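Dear colleague,

Please find below the structure that I am handing over to you. I would ask you to look through it before reading the notes that follow.

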Amino acid sequence: MASRLASFCLAAAVLFPSICHGGNVLRSSPRAVDASILRPINLRSYEAALGLRRRDRVDFTDLDPATQSQLIYGRPGEEGQLLLANMTLYAPAGLPIVLMERFESLTSAVDCKGDDGTMSLTFRSKQAYHYALKKWQYINEDEEKQFLLIANHDGCGPADERQPYK
């Protein structure tokens, strides 16, 4: 029983970062909470709550555009249950996907508040910046090329929702 309670507390910390300030995003604009709606759960926080840990080395491959991406949503249920949805998002019309919550630890600043609808990323290291530049350079070489960047970051879209950027 204590093990189940500990697991619930870890998972609840992922859902409610204001309780213990986990890796999920703290939203700046509160809104009415509908108890039936599943909210985004940061994939890194979810993996940490399950005891899955990444190696100590930095993995820049999280910056690679992919044809699919895993998205986790959840909310507390009745009697201590945790309701989760594990979804796989496939790139629409072959548009590659980059999930920001996968590489957010590589950034030191994110700005989504520009009036022009663009996002600005500041990387923690030159190595991360150069890796992203190399993997994303094809969109600078051809105006027709794009990828879908999905953000779960404070200020990058409505509270408690992931926001796509092209």
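Residues are numbered from 1 along each chain as its sequence is written, and side-chain values use heavy atoms, with hydrogens and water left out.

The chain has a mean pLDDT (the predictor's confidence in each residue, from 0 to 100) of 77, and 73% of its residues reach 70 or more. Over residues 1-31 the pLDDT is below 50. Beyond near neighbours in sequence, this stretch has 51 contacts (heavy atoms within 4.5 Å) in the model. Where pLDDT is low, the predicted coordinates should not be read in detail.

Strands here are DSSP runs (E, at least two residues), numbered from the N terminus; two of them pair if DSSP finds at least two bridges between them. An open sheet is formed by three strands in the order β4-β7-β8, with mixed pairing. Because β4 (97-99) and β8 (163-165) each have a single partner strand, they stand at the edges, and one side of each is left without a neighbour in the sheet. Strand β7 (residues 148-151) pairs with β8 in the antiparallel sense over three bridges, and I150 stands opposite P164 in β8.

Strand β2 (residues 68-76) pairs with β1 (residues 39-41) in the antiparallel sense over three bridges; the bridge partner of R39 is G74 in β2. Nine bridges also join β2 to the antiparallel β3 (residues 82-90), where T88 stands opposite Q70. Five residues lie between β2 and β3 in this hairpin, and E79 in the turn has a positive phi of about 55 degrees.

Yours sincerely

Technical notes:
This is a predicted model: local features need pLDDT of at least 70, side-chain atom pairs count only at pLDDT 80 or more; totals for chains, interfaces and linings use all residues. Helices (H or I, at least four residues) and strands (E, at least two) are DSSP runs, numbered from the N terminus.
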